[in-house]
Amino acid sequence: MRRHGLLRLPTALFAFLTACLAAPAQESPQDPSRPNILWIIVEDMSANFGCYGEKTIATPHVDRLAAEGIRFTNAIVTAPVCSAARSALITGRYQTAIGAHHHRSGRGKQKIVLPAGVETIPELLRNAGYLCLNLSPADFLRSAEEATANPRVATAKTDYNFEWDASLYDSTHWTRRDENQPFFIQVQLHGGKHRGHGTAGQWPSRVRLELGSATPEENVVLPPYLPNDAVLVRDWAQYLDTVRYTDHEAGLVLERLREAGELDRTYIFFITDHGVSHVRNKQFCYEGGVHIPLIVRGPGLTPGAVRQDVVEHIDLAAASLALAGLPVPEGMHARNILAPAYQAREFAFSARDRCDETVDRIRCVRSERFKYIRNFYPERPYLQPNQYKDGKPIVQTMRALHTARKLDAAQSLIMAGSRPEEELYDLQADPFELNNLAADPSQADQLGRMREALAEWIAASPDRGSEPEPESLYDSDMEVYLGRRGTPSYLSLTENIALMKRWAAEGK
């Protein structure tokens, strides 16, 4: 990560500031009704920040961002995996409604095209005159001198499950835009992915080098659904260090905005694309997979405010358009959560579908207090064979401990060979979702309300996951996944794909 010191302002901006000193009544060159908008999007990370109650590590920059803005305590992603969540976010629509619900789909010969009339947020903002960028931290943090010498920037992670044109994003650094032009920028932070698939490697050394120390393993407190095993403890310590590093990067982004004089006319949205990549988190609709941090800072927002109503990550789309003075398109599912007259929704929704080669369908309804999960493949194990997950030492360790009968009841839940069709959790009394209340007679009314809410959402959105993925589209994507023939990964994927097709034929 490039560090930088004091910034020499671009010539045009320097001239403007000089003129302001001589004539303080002169207007700003940027229309205040068209503010800058910045999305900081972090990969594979739950709300393990101090402002959300994390005690093991310090996260001063994200905590400061929350103290200067609004912190949402019940923000939910509409999909607990990156490509589906990002496809929903950039369109402001449920991924299940636009055909982008299967993870990394449309990557083969058969493509996925957005429904007629659906436009992305960058398209809408570019048409309104915004500079639209999608940047790595290194590109965003470039100094004015560097940007002058080389104004070109590359497009960072997109991971959209539909066809889109490269012109969706501009390629000129934000410091080189027209003087009166606002910007919309996504900054993509690598987040939890820094720790990789293993528990060794270069990440711990990099943490010590760049942050000065690593999180001591003896300080780690695992959630109760994970056993106190050395592999899992070491991995969680490394995960917490990715949180610390994310906090460090967020601080650099905020400082860069301040140096450029843009901080106080920029609305900053800080989110993650889903929860931490772990056995019961990413790819699942439990809180560890769908509950994310969401912080918004910007002009006119109440510092230190806390919102407890349920919101969805796609709401960034509607809020950003409204901040830019644009209408929310008809049919968009996102809501402007910053609107003065905003009425809180009763429920948020999330959906998990095929991830890589592994076929699944899970739907989730979340209120402020309760979570309802519907498993559409109850005869399948939670941890179906999946090359991505099965390659992780944490998953391998969990499978070995389960085989050795060394997991307790809470830790064994995710290892079950089948699932209940319905799960209901009181998140206030049971934040780790260990006690399924679906069969509890005292919760029958609550179960019925949430079951009905899901049925209405499936029909109204509409949920295109209600129909099985065409085998030709599945096969098209699998050709991309298979990669090099003759390798262990090829053999493993081939076996998994065959199993998925056999289970489908058996109606399992």
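A residue counts as buried when its relative accessible area is under 20%, as exposed when that area is over 50%, and as partly exposed in between, with a 1.4 Å probe and protein chains only. By that cut-off strand E1 is mostly covered, with seven of its seven residues buried. The model is predicted: local features need pLDDT of at least 70 and side-chain atom pairs count only at pLDDT 80 or more, while totals for chains, interfaces and linings use all residues. Residues are numbered from 1 along each chain as its sequence is written, and side-chain values use heavy atoms, with hydrogens and water left out.

**The seven-stranded sheet**

- Helices (H or I, at least four residues) and strands (E, at least two) are DSSP runs, numbered from the N terminus.
- Seven strands make up an open sheet with mixed pairing, in the order E3-E4-E1-E5-E6-E2-E7; two strands pair if DSSP finds at least two bridges between them.
- Strand E3 (131-135) and strand E7 (305-312) are the edge strands, each pairing on one side only.
- On average, neighbouring strands of this sheet are turned by 15 degrees against each other, direction ignored.
- Axes are lines fitted to C-alpha atoms, for helices over the stretch in contact, and angles run from 0 to 180 degrees between N-to-C directions.

**Strand E1 and its neighbours**

- Asn-36, Leu-38, Ile-40 and Val-42 point one way from E1, Ile-37, Trp-39 and Ile-41 point the other way, and all are buried.
- E1 pairs with E5 in the parallel sense over seven bridges, and the bridge partner of Leu-38 in E5 is Ile-268.
- E1 also pairs with E4 in the parallel sense, over six bridges, where Leu-38 stands opposite Ile-185.
- Strand E5 (residues 266-272) and strand E6 (residues 291-297) run antiparallel and are joined by four bridges.
- Ile-268 has Arg-297 as its bridge partner in E6.

**Helices packed on the sheet**

- Helix H8 (residues 230-259) packs on the sheet and touches strand E1 (36-42), strand E4 (183-189) and E5, where contact means heavy atoms within 4.5 Å.
- The direction of H8 makes about 170 degrees with that of E5.
- Helix H10 (residues 315-323) also packs on the sheet, touching E1, E5, E6 and E7, and its direction makes about 175 degrees with that of E5.

**Strand E11**

- Strand E11 (residues 422-426) is largely enclosed by the rest of the structure, because five of its five residues are buried.
- Glu-422, Leu-424 and Asp-426 point one way from E11 and Glu-423 and Tyr-425 the other way, and all are buried.
- Strand E10 (residues 370-375) runs antiparallel to E11, and five bridges join the two.
- One of the paired residues is Arg-374, whose bridge partner in E11 is Glu-422.

**Pockets**

- On a 1 Å grid over the protein atoms alone, a pocket is an open set of points with protein on both sides within 12 Å along at least five of seven lines, a cavity is a set where a 1.4 Å probe fits but cannot get out, and lining residues have an atom within 4 Å of a point.
- Grid points are joined across faces, edges and corners, and a volume is the space filled by probe spheres set on the points.
- The largest pocket holds about 920 Å³ of space.
- Its lining has 32 residues, and those nearest its centre are Ala-47, Asn-48, His-291, Pro-431 and Phe-432.
- Strand E2 (70-76), H8 and helix H9 (287-290) each supply at least two residues of the lining of the largest pocket, with the largest share, three residues, coming from E2.
- The lining of the largest pocket divides into 13 nonpolar, ten polar and nine charged residues; Ala, Val, Leu, Ile, Met, Phe, Trp, Tyr, Cys and Pro count as nonpolar, Asp, Glu, Lys and Arg as charged, and the others, Gly among them, as polar.
- The second largest pocket holds about 450 Å³ of space.
- Of the 22 residues that line the second largest pocket, Val-359, Tyr-377, Pro-468, Glu-469 and Ala-504 lie nearest its centre.
- Helix H15 (471-482) and helix H16 (488-506) are the elements that give two or more residues to the lining of the second largest pocket, and H16 gives the largest share, four residues.
- By class, the lining of the second largest pocket has eight nonpolar, four polar and ten charged residues.

- Among the 13 residues lining the largest cavity, Tyr-382, Leu-383, Gln-384, Asn-386 and Lys-389 are the closest to its centre.
- Helix H11 (387-390) and helix H12 (393-403) each supply at least two residues of the lining of the largest cavity.
- That lining has four nonpolar, four polar and five charged residues.
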